[in-house]
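Please read it with the coordinates open.

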Amino acid sequence: MKQFFGENYVHHGEIIQLPLDFVRQLCLKIQPERPECRCDKDMDTLSGFAMCLPNLTRPQSYRLAEHRPLLCIEIKPKCGFIPFSSHVSQEIKHKVCRYCMHQHLKVANGKWKRPSKYCPLDLFSGNKQRMHFALKSLLQEAQNNLKIFKNGELIYGCKDDQDCVSDWNELARHLKPFFFPSNGLVSGPHCTRTIVKELIQVITMTLLSSTDTCRAGDMKTVPVSQGRSYCEASAFNKELVRNGKHKLESSGLPRGCLLYKTLQAQMLDMLDIEGLYPLYSRVEQYLEEFPEERSTLQIDGPYNEAFYEKLLDLSTEDDGTVAFALTKVQQYRIAMTAKDCSIMIALSPCLQDECSEQRSVVLASKSRFTFSVSVLDLDLKPYESIPHQYKLDGEIVNYYLKNVQAKDDPVMSNLFKENEDCTLVLHKV
Ligand SMILES: O=P(O)(O)O[C@@H]1[C@@H](OP(=O)(O)O)[C@H](OP(=O)(O)O)[C@H](O)[C@H](OP(=O)(O)O)[C@H]1OP(=O)(O)O
Ligand SMILES: Nc1ncnc2c1ncn2[C@@H]1O[C@H](COP(=O)(O)OP(=O)(O)OP(=O)(O)O)[C@@H](O)[C@H]1O
């Protein structure tokens with residue numbers, strides 16, 4: 001993933017060996033703490049190996065004194081583009097992004113109590129106003145897309161699905177020493193809003209900062225202009241339309257920033273799951289006939305140079321071969337991973353004379369921070385999850401069409417009310 005996201009943003013960690021008894025005890029200790037929905041996953045307690053990662057709630061790449069106050073914002077931005085593939089069968093997928101559609105299904109399933117106004121297309125737009133709106137929406141309804149840590153401890157966000165902390169006054173109390181270190185007591189809604197605004201401003205600047213280059217930067221990239229640059233369901237977009245403005249600005253992202261790289265990796269999903277699924281089936285069919293080929297095809301790795309080389313072919317012309325199908329499947333797995341990763345923005349206050357040239361520094365109104373931006377949770381999504389993706393995509397879209405779009409459209413709404421198994425009637429015109 002370093003090839004796509006860049007050396008500085010990715011921390012691959014180290015494989016370390018642990019005593020089996022320690023791992024067993026650890027597993028027992030954390031199990032009751034895990035949210036119920038994640039209990040279907042087990043920790044590997046038998047291999048005796050673990051992955052040791054740096055603590056990404058601390059700024060990386062230079063040493064900080066131990067006592068330094070630390071602030072970290074974790075964002076899981078999700079998919080930042082609307083599918084542009086001609087394989088998409090439902091027009092709605094070209095208008096409303098997957099995150100916004102999925103919100104309705106998640107609320108209906110009880111995963112979250114309320115829908116969020118966050119839309120990934122606003123965050124990935126590179127337009128400051130849209131980014132501010134997206135970040136404010138994340139702060140209003142964090143779900144599993146936003147967490148804030150102070151000195152490594154979670155102070156804002158969801159500990160589990162039921163327990164979401166979203167008290168802005170409490171957040172402002174935590175943040176005040178970072179943003180207004182020598183400025184009286186914080187109180188009142190005005191102060192809270194000022195501090196939250198400062199936070200949003202700093203997050204925006206760090207997200208747009210370019211601190212790395214990567215190999216895939218030389219690769220012919222997917223044009224960011226493909227597809228629509230805004231989502232019709234975004235609350236920001238709806239507000240503009242209400243005010244009679246129809247042109248949504250998308251300033252574009254600086255090429256070196258992590259959001260740009262994340263979006264590029266996400267856009268390796270060029271065919272959409274609808275175009276990809278038949279190719280997955282082609283690979284499956286081949287493997288049924290030649291199961292011994294699984295390792296040669298590098299389905300489960302190794303994810304080495306040869307694997308990376310095969311990912312560089314961005315053509316979408318299907319020549320009917322297994323090789324073509326496999327390349328698209330592997331590119332899709334990279335894209336899926338990039339659609340589900342998290343960005344860690346670590347900040348630590350610094351004084352003016354401490355800010356040497358090697359350090360990345362971001363300025364707030366009354367303070368300055370050294371910072372680093374990293375990406376987390378980059379283990380490649382499994383080949384086996386593709387059928388699940390296909391099924392889920394259908395469920396998300398169908399739920400949206402039936403329960404959200406149909407309600408906005410009175411004709412459709414009555415049709416659904418009258419008959420659950422809807423029949424399409426074609427009239428001569
Ligand atoms: O499919 P999605 O978009 O719901 O993403 C899943 C995430 O749900 P989210 O939408 O972010 O609330 C889901 O997040 P939660 O565990 O619900 O916080 C996982 O990250 C899941 O990945 P994996 O199967 O555990 O490797 C994610 O599944 P993948 O699609 O990445 O496999
Ligand atoms: N290196 C790190 N530094 C700081 N925090 C981390 C680090 N790695 C993980 N975390 C925290 O732990 C959370 C879960 O990590 P991650 O998403 O990698 O786990 P996972 O593999 O999805 O877990 P699961 O076992 O539930 O599948 C992250 O969202 C982040 O808040």
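**Note on the cavities**

1. Sorted by class (Ala, Val, Leu, Ile, Met, Phe, Trp, Tyr, Cys and Pro count as nonpolar, Asp, Glu, Lys and Arg as charged, and the others, Gly among them, as polar), the lining of the second largest cavity holds 5 nonpolar, no polar and 3 charged residues. The residues concerned are L268, D269, M270, L271, D272, L276, K328 and Y332.

2. This is a predicted model, in which local features need pLDDT of at least 70 and side-chain atom pairs count only at pLDDT 80 or more, while totals for chains, interfaces and linings use all residues. Residues are numbered from 1 along each chain as its sequence is written, and side-chain values use heavy atoms, with hydrogens and water left out.

3. A cavity here is a set of points, on a 1 Å grid over the protein atoms alone, where a 1.4 Å probe fits but cannot get out, and its lining residues have an atom within 4 Å of a point. Across the whole structure, the search finds 2 cavities of 30 Å³ or more, where a volume is the space filled by probe spheres set on the points, and grid points are joined across faces, edges and corners.

4. The second largest cavity contains about 40 Å³ of space, and helix 10 (272-289) and helix 12 each supply at least two residues of its lining; helices are DSSP runs (H or I, at least four residues), numbered from the N terminus.

5. The largest cavity, with a volume of about 60 Å³, is lined by L297, Q298, F307, K310, L311, L326, T327 and Q330. Helix 11 (305-310) and helix 12 (322-340) are the elements that give two or more residues to this lining, and helix 12 gives the most, with 3 residues. By class, the lining of the largest cavity has 4 nonpolar, 3 polar and 1 charged residues.

Definitions and conventions:
Chains are lettered from A and ligands numbered from 1 in the order in which they are written. On a 1 Å grid over the protein atoms alone, a cavity is a set of points where a 1.4 Å probe fits but cannot get out, and a pocket is an open set with protein on both sides within 12 Å along at least five of seven lines; lining residues have an atom within 4 Å of a point.
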